[in-house]
Structures are given as structure tokens and as C-alpha cells.
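Q: I am new to this structure. Could you please take me through it?

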Amino acid sequence: MDGNRVYIFDTTLRDGEQVPGCQLNTIEKIQVAKALESLGVDVIEAGFPVSSPGDFNSVVEISKAVTWPTVCALTRAVQKDIDVAAEALHHAKKKRIHTGIGTSDQHIRYKFNSNREEIIERAVRAVKYARQLVDEVEFYAEDAGRTDNEYLARVVEAVIKAGAGIVNIPDTTGYCLPGEYAAKIRYLMEHVEGIENVILSTHCHDDLGLAAANTVAGLSAGARQCEVTVNGVGERAGNTALEEVAMILRCRHDLGLQTNVNTTKISSVSRLVSGLMNMPVQANKAIVGRNAFAHSSGIHQDGVLKDSSTYEIMCPQDVGVDDNNIVLTARSGHAALKYRLEVLGISMSPERLDSFYQEFLRLADQKKQVSDDDLLVLAGAHRQETAHVRLDYLQVTSGRGLKPVASIGLDISGEKFEAAASGNGPVDAAINALKLIIRRQMTIKEFTIQNITKGSDDVGKVHMQVEHDGRIYYGFGADTDIVSASVEAYIDCINKFKN
Ligand code: KIV
Ligand code: ZN
């Protein structure tokens, strides 16, 4: 093992995917997993198999789909979880079970109603059991960030003796300061017998905006694996962003640490994940935000034009931001569309590309130029093709002094329905008309409209939360017509209803 090599453990498809409204289907997860493989990540955490049949199936399919990275499955320190994880990983060329338990006093007392000694016993039992089923076992000490170092060292030593090859030290609540987190890793490096035979892993959350700083502090103190997600997606404020750690280690040679990440693929993977999860990347996000390389002040522009090193510590090309301005319009052919999709990390079968091309032309007729973001939105919308409720047409009359009226046509499993209604605005009228056809009790809980680039010809994205039968459903729609996008988002929710 090269002592300066940092292993990248990507958990976009497990910790990242826990965000409400960002769930991916198995085909999308495979697409992300393949993109992560070509990015050069070492480990892909593909899911938590016991949690749902969908997660189980995703781990099975990702195990079949990727070759080089280790595929990892999460479990609690519970025998049944471990059995199910091992079964889901059956086809993986390299497999790892990630098992663990909470070790902070808060977790021990309130979550497990247990005590420190019993937690060590459960941890050891889980690791030993997992080692009977797979060769590589990683242990996580949940809430290690708030676990006292002396006890944490006892837990880590016990699980190493039980057969764990990698030990994860999560700052589950994002509470640690960088110096503190580094000191924790250093304490373990210095006080745990057998630590030289295992890899310590960082797993930081961004609640206080310190995830990347804590991760780098942990790596500098001796950890050699970091757990990250693309764009930093994850519950609450998210996880450490993969792209930030990869570029920190690349830009700061003085740290003396290397990863296997092909950084020129960062931009396309970031766009792929953002598009599939319907999770926009903030414009000023480090490395992958739209403005990350945009210099707008006169002094900066002048300096960068004289020599880019005046204000840039890395080149846009290092992360795959290409200056290639092939403009996609209604005159663009299949080949240009296919090329651009591939740059964005989206590959399609020839049949799928044919139907996608027709949708692209429809959008290109409405907009002069189709941007990368438009394509990602379109590719996201495209997956709704199998939905049983579809919008056939929508006509809305509205304007100052007029009562908005909408007529709508729906196709429900091949049968046609029409209705018309008025409302206090065009969206309200359209939704009222739709409700006359879909006679179900449902309430909009959240409704956000967002434009994705600029200009009055832009595509608007609508995110919606609808409550039905005591459950919340998330829907998404995108269109140059914001009323249509809203209705599409509503229909997307309806298509997800469980009954
Ligand atoms: O944040 C955390 O503690 C986790 C563990 C389950 C690894 O995600
Ligand atoms: Zn986590």
C-alpha cells in the first residue's frame, strides 16, 4: 500500500440519496455508478440493502455493472442486515460490508438504551459475523465526532481484532472543528494496537460548513480513506463534496497526498448527479458551481487575461469545464446531440436517442439555444415516459382583468379525459381542471419555481410536494411554459401515489 494514496469512498448512492425528493431508480443509479467508475473512485457505497427491495436491487445491479471499484453495502450491527447485504453483493467483483453502531454517549443511552461494554460486544459480534461472509469489512462508529477518544480507541481496537480492515470515524452531526477531528484521528493512530494494519476513514457532514476542512484535517492526521458525495449531496447540509477533496489534494501538492480521481471528469459527473437528483448546484459552489471560474470584476478579468495564474489556482479544464461552445439549436443533428449528452455523462441506446431527439427538437423550437442544463432537465423528464398519467394538452387563458381559465387533456393508461376550470391564477386554474379528472384527496405542501439559466426564453423547473393519504410525494416538472411545468410536477407526484 502506497502510504500517500488516499482512497475515495463515494456514498452518493447511499448517504447522498437519503435526501427527500432526490431518490433515483435503479437504472439511474447504475448510470451514476458507471460515471463514478470512470471518474476513478475506489469504493462505491451502493445502498443499504435491508432497508427496501429497491435498495437491495440497486446493490445487486450495481455489483453486476461495475468492474474496478469495490462495491459496498451498509448495514446496522444486526445479523439479518449483514445476511441481506452479503446476498445483495453476491455478483460484485470486489465487495465490502460496512457495518457499525453508535458509540457516543447520546447514541448509547438514547438510541440503544445500552451501555459502553454492551456496544463493544455488539460491534465485535457484527464484524466477526460479516467477516464470515465477505473478506473486506468496514466498521463505522456512528457519531464518533462526539464520542470520547479513550472509549473510541477501545471500540476501534476491538473491531480491528474482530477482523475489520477499514474503520470509519464519522462526524455524523457535523459538530467537530478541524483541529479536534485531526486530534481524534491522531489519537487513534497513536493509541490503538493494530492500527497500522487498517485504514482509517473520514466521514464528515457539513452542518457547520466544515466537512471538507475536517476531511482534509483527518487525512493530514493519518486517515487514508475519505467518504464523500458528488456535489456534497446528503441529508441536512450534506456530506463532504468529492470534488472539493479531490481538488484540494491536487492543488495542494504540499500535503503530499494523491487520489486516483480523473479530475477532468468532475464537471460531467457533477452535472449528471445534479440532473438526475433534480438538485441544482448553487452558482458559487466550489469547483462545480456555474461561477466557480467566472471572473467578473474588472481587476480580476484584466489579471486573468494577462496570466491566468494571477487569480486562478486551478484551470477550468482541470475539472473538465470545457470552453467548447457547440451551440445546440433546432438545426443540430443526432451526432451533435449525442456528443453533448456524452460530455454530460449521459449515454443512451440508439432507440432512446431517437425519441429523445424529438423532445430536444420540440424544446429547440421554443428556445433559440438549448443549454447543457436544458439537456439535463430534459433527460430527467424523459424518464417519466412510463408514467400512467400523462399530460396531453393544456390551454390557459389569463391576463390582467381576465379570470384565468384552463382546459386540460390527460391520458390515463391509454384512456383520454378532458376538463376545464377557473382559478385565482393560471396555475391554480390548471390544477383545478386536473383535479376534476383526478378525483383524489391531495394537498400541495410545497411549490418552488426556479429558472435554470437566464432570459425570458428559459426553461423553468418546478419542485412540488403533495400530501396524499398521509404521505408526502415529491414531483418535478420542467418546461419553457411555467404553468405546464407546474402541472407536470403535479402529475409526477400523482404517478408516484402508492394507491
Ligand atoms: O453519518 C454517519 O454516521 C453515517 C454512517 C451510517 C456511516 O452515514
Ligand atoms: Zn453520514
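**Overall fold**

A: With 499 residues, a compact globule would have a radius of gyration near 23 Å, and the protein chain agrees with this because its value is 25 Å. That radius is taken over C-alpha atoms, and the globule rule is 2.2 Å times the number of residues to the power 0.38. This is a predicted model, in which local features need pLDDT of at least 70 and side-chain atom pairs count only at pLDDT 80 or more, while totals for chains, interfaces and linings use all residues. Residues are numbered from 1 along each chain as its sequence is written.

Q: How many helices and strands does the protein chain have?
A: The protein chain has 16 helices and 14 strands. These are DSSP runs numbered from the N terminus, with helices (H or I) of at least four residues and strands (E) of at least two.

Q: What share of the residues is buried?
A: Of the 499 residues, 52% count as buried, meaning under 20% relative accessible area with a 1.4 Å probe, protein chains only.

Q: Which residues of α13 are buried?
A: In α13 they are L353, F356, Y357, E359, F360, L363 and A364.

Q: And V155, where is its place?
A: V155 lies in helix α6, residues 149-162. V155 counts as buried because its relative accessibility is 1%.

Q: What is V155 in contact with, leaving aside neighbours within four places in sequence?
A: V155 is then in contact with T103, I120 and F139, where contact means heavy atoms within 4.5 Å.

Notes: Chains are lettered from A and ligands numbered from 1 in the order in which they are written. Side-chain values use heavy atoms; hydrogens and water are left out. Buried means under 20% relative accessible area, exposed over 50%, partly exposed in between (1.4 Å probe, protein chains only).
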